[in-house]
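Let's take a walk through this fold together, strand by strand.

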Amino acid sequence: MPQTLDRRRLLATAALGGVVGATGLGSLAPEAAFAAEPATVEPGAPDPNFVEGRISKISGHLLLVTGSDTVLHSIRITDGTSIWKLHPTTFDQVAIGDGLYARGVRLPDGTLAADSVWVNIVNLHAHIAAVGRNLLHLDHKGQRIVAHVVPGRSAAVYNGTPAVSDLSLLRVGRHVQVLGAWHPDTNEIDIATVYAAA
């Protein structure tokens, strides 16, 4: 039976890199979360305009989030906030227990007014251990991840070519990078994009 991963362990092994506001990049695609240079922050200091953690409470348009370092954060969702949860979505799709990365600006009371929020996003480098019907079994640093293909949503990029919906060229033993959305409290994700050599 596959071992269940907790959010901290899964996301700690999934390198986030720099996260910037999607509206500033002109895209809310998951790739945008990992593409840009991190904001300039003094070495060793936390980025004041970035929050990561797990949602512990939702009150109106305010998210209370517990960071992986156990610091509590308040995140305000505004009419201008872009939200990604496997695809661009709306605030009503965000749930208690979801993990997130958020970028925005700090308000005088310390609340982060979010420009962009990526919910349950993961960026995994793995090897394909098995291919099933509408899913991949991945080996990610010794942990098994079940990656679900979402019809009409999941895509593959082979050798840097444009993304296609055909994932049939993915083979056992191949190295892949997978952007997707984690299923909280499981070792499962939904695939947004798989990057692979053909």
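**Around strand β12**

Start where β10 (155-158) and β12 (residues 188-196) run side by side: they are parallel, with four bridges joining them. Two strands count as paired here if DSSP finds at least two bridges between them. Strands are DSSP runs of E with at least two residues, helices are runs of H or I with at least four, and both are numbered from the N terminus. In this pair, Val157 stands opposite Tyr195 of β12.

A word on what you're looking at: this is a predicted model, where local features need pLDDT of at least 70, side-chain atom pairs count only at pLDDT 80 or more, and totals for chains, interfaces and linings use all residues. Residues are numbered from 1 along each chain as its sequence is written, and side-chain values use heavy atoms, with hydrogens and water left out.

Back to β12, which has another parallel partner in strand β9 (residues 143-148), joined to it by three bridges. There, His148 sits opposite Asp190 of β12. How covered is β12? Mostly: seven of its nine residues are buried, where buried means under 20% relative accessible area, exposed means over 50%, and partly exposed is in between (1.4 Å probe, protein chains only).

Next, follow β12 to β11. These two pair in the antiparallel sense over seven bridges; Leu179 stands opposite Thr193 of β12, and Trp182 has Ile189 of β12 as its bridge partner. Together β11 and β12 make a hairpin with five residues between them, and Asp185 in the turn has a positive phi of about 65°.

β11 also pairs with strand β7 (residues 121-132), antiparallel again, through seven bridges. In that pairing, Val122 has Gly180 of β11 as its bridge partner. Why call β11 (residues 175-182) largely enclosed by the rest of the structure? Because six of its eight residues are buried.

Most residues other than glycine have a negative phi. Asn159 counts as exposed because its relative accessibility is 54%. Gly160 is in the loop between β10 and β11 too, and its 69% relative accessibility is why it counts as exposed. Gly160 and Tyr195 are 35 residues apart in sequence, yet their C-alpha atoms are 7.7 Å apart in space.

Thr70, in the loop between β2 (62-66) and β3 (72-84), also has a positive phi, near 70°. With 59% relative accessibility, Thr70 counts as exposed.

What lines the largest pocket? The residues are Pro46, Asp47, Phe50, Val51, Glu52, Asp69 and His73. (A pocket is an open set of points on a 1 Å grid over the protein atoms alone, where a 1.4 Å probe fits, with protein on both sides within 12 Å along at least five of seven lines; lining residues have an atom within 4 Å of a point.) Strand β1 (residues 50-59) gives the most to this lining, with three residues.

Zooming out, the protein has three helices and twelve strands. Buried residues make up 46% of its 198 residues.
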